[in-house]
Amino acid sequence: MKLFRYLWTFRYSLTGTLLFNFCIAGVLLFSSLMFAMLTFKSGDFADLAAQEPSEGLAYDIMEVLSINDEGEIWVNNPDILSWAYDNLYSNLGFRIVDKNTNKIIKSSASDAVEYQTLLYYLPVDLSPGAIRLDSKLGPITGFRLQVKLQDRALYIDVARSDRLGEFAKEAVMPAIQASFKVMIFASVLLFILVSLISLKLTTTKIKRVSLDANKISPNQLDQRLSIDKIPNEIVPLANAVNRALARVEAGFEEQKRFVANAAHELRTPLTIIRTRIELSELPDALITDLLQDVTYMSRSVEQLLDLS
């Protein structure tokens, strides 16, 4: 019951309002990511991802191209790439094509059976840029890069089969989607937790201001709210309260001075009245009554002086 009452009042607090807004923003953000992940077709993802790796491989080959003294073109690939091109020739390959004659100058896996290589199904008359076509070995993706090497215009063609990608897509994508769901759920919880802690730390500084305000009493009107280490948004409010306290203090001091002056002004006339009553020839009963009234008035004046 206490927890319910606390939550009911918590929704009206600054922390509750900000936390609610943060949670709404976080849920919308992560829901959008989840929706995009679940609705985006993996084939479309493969189409988008195919060009960039192939283009990168083409630029890598361009960096290791050279011409020897006999005018022959050499490709000095790293060992790992050489192994991949030589042994995965049905799934990966590159070739160097003369731009002017469309003649293949050099290609990977030159010792393999030609029709078993991926390059066998790649036309020579391609346009520079991304490559995507079908073949007997499956869909081919790649990239044609136009380069110039010692005044020789060349094409660098990089091709790779989508069969490995399709296999990885069917095997890996469900696991990726499941992991992504868990990650989104954990991210939402972490987002809410971090937001709550941050808001608590912020509102703690505001609570210090309320504690300072509770310490101010009528006898301590000279105290002011401290504006050190409080949120900048609260500083104008604290300054306004301090100015209001200054006005209250000024009015209170003026009132005390007025009461003190009035009490001092009344003491002398009351003393004179007491003296005249005592020296008068009035009946004793009347003199007693008058002196009691003067004593009551004098006591009230003394109380006013004490208040001032």
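Modeller: Let us start with aromatic rings. This is a predicted model. A search of the whole structure finds 1 aromatic pair.

Colleague: Why is the pair of Tyr120 and Tyr121 called edge-to-face?

Modeller: Check the centres, then the planes. The ring centres of Tyr120 and Tyr121 are 5.0 Å apart, and the limit for a pair is 6.5 Å. The planes stand at 90°.

Colleague: Is Tyr120 buried, exposed or partly exposed?

Modeller: Tyr120 has a relative accessible area of 43%. Buried means under 20% and exposed means over 50%. The value lies in between, so Tyr120 is partly exposed.

Colleague: What makes you say that the charged end of Arg144 sits over the ring of Tyr155?

Modeller: The distance is one part of the test. The charged end of Arg144 is 4.2 Å from the centre of the Tyr155 ring. The limit is 6 Å, and the charge must also be within 35 degrees of the ring normal. Arg144 is listed as sitting over the ring.

Colleague: How many salt bridges are there?

Modeller: The count comes to 3.

Colleague: How do you know that Arg95 and Asp157 form a salt bridge?

Modeller: Their side chains meet at 2.8 Å, N to O. A salt bridge needs a nitrogen of Lys or Arg within 4 Å of a carboxyl oxygen of Asp or Glu. The pair passes, so it is a salt bridge. Arg95 lies in strand 3 (residues 92-98) and Asp157 in strand 7 (residues 152-161), so the bridge ties together parts that are 62 residues apart in sequence.

Colleague: What is the other partner of Asp157, Arg144, doing?

Modeller: Arg144 forms a salt bridge with Asp157, with the closest N and O atoms 2.6 Å apart. Asp157 is in strand 7 and Arg144 in strand 6 (residues 140-149), so this pair links parts that are 13 residues apart in sequence.

Colleague: Why are Asp157 and Arg144 called buried?

Modeller: The cut-off is under 20%. Asp157 has a relative accessible area of 0%, so it is buried. Arg144 is at 1%, so it counts as buried as well. Arg95 is also buried.

Colleague: Where does the salt bridge between Arg224 and Glu249 sit?

Modeller: The side chains of Arg224 and Glu249 meet at 2.7 Å, N to O. Arg224 lies in the loop between helix 5 (163-214) and helix 6 (235-279), and Glu249 in helix 6, so the pair ties together parts that are 25 residues apart in sequence. Arg224 has a relative accessible area of 31%, and this makes it partly exposed.

Colleague: Why is strand 3 called mostly covered?

Modeller: Count its residues: 7 of its 7 are buried. Leu92, Phe94, Ile96 and Asp98 point one way. Gly93, Arg95 and Val97 point the other way. Both sets are buried.

Colleague: How do you know that strand 3 pairs with strand 7?

Modeller: A pair needs at least two bridges. Strand 3 and strand 7 have 7, in the antiparallel sense. One of the partners is Ala159 in strand 7, which is bridged to Gly93.

Colleague: What joins strand 3 to strand 4?

Modeller: 3 bridges do, and the two strands run antiparallel. Val97 stands opposite Ile104 in strand 4. The two strands form a hairpin with 5 residues between them. In the turn, Asn102 has a positive phi of about 55°.

Colleague: What pairs strand 5 with strand 6?

Modeller: Strand 5 (residues 129-133) and strand 6 pair antiparallel over 5 bridges. Ile131 stands opposite Gly142 in strand 6. The hairpin has 6 residues between the strands, and Gly138 in the turn has a positive phi of about 105°.

Colleague: Which residues form the nonpolar patch on the surface?

Modeller: Leu190, Leu193, Val194, Ile197 and Leu201 form it, with about 480 Å² of accessible area together. Patch residues need over 30% relative accessible area. Leu193, found in helix 5, is at 46% and passes that cut-off. The value lies between 20% and 50%, so Leu193 counts as partly exposed.

Key:
Residues numbered from 1 in each chain as written. Predicted model: local features only at pLDDT ≥ 70, side-chain atom pairs only at ≥ 80, totals over all residues. Heavy atoms only, no water. Phe/Tyr/Trp six-rings, centres within 6.5 Å; stacked < 30°, edge-to-face > 60°. Buried < 20%, exposed > 50% of the residue type's maximum accessible area, 1.4 Å probe, protein only. Helix = DSSP H or I, 4+ residues; strand = E, 2+ residues; numbered from the N terminus. Patch = residues over 30% accessible without salt bridge, like charges linked within 9 Å, V, L, I, M, F, W, Y side chains within 5 Å. Areas by Shrake-Rupley, 256 points an atom, 1.4 Å probe, with all protein chains shown as cover.
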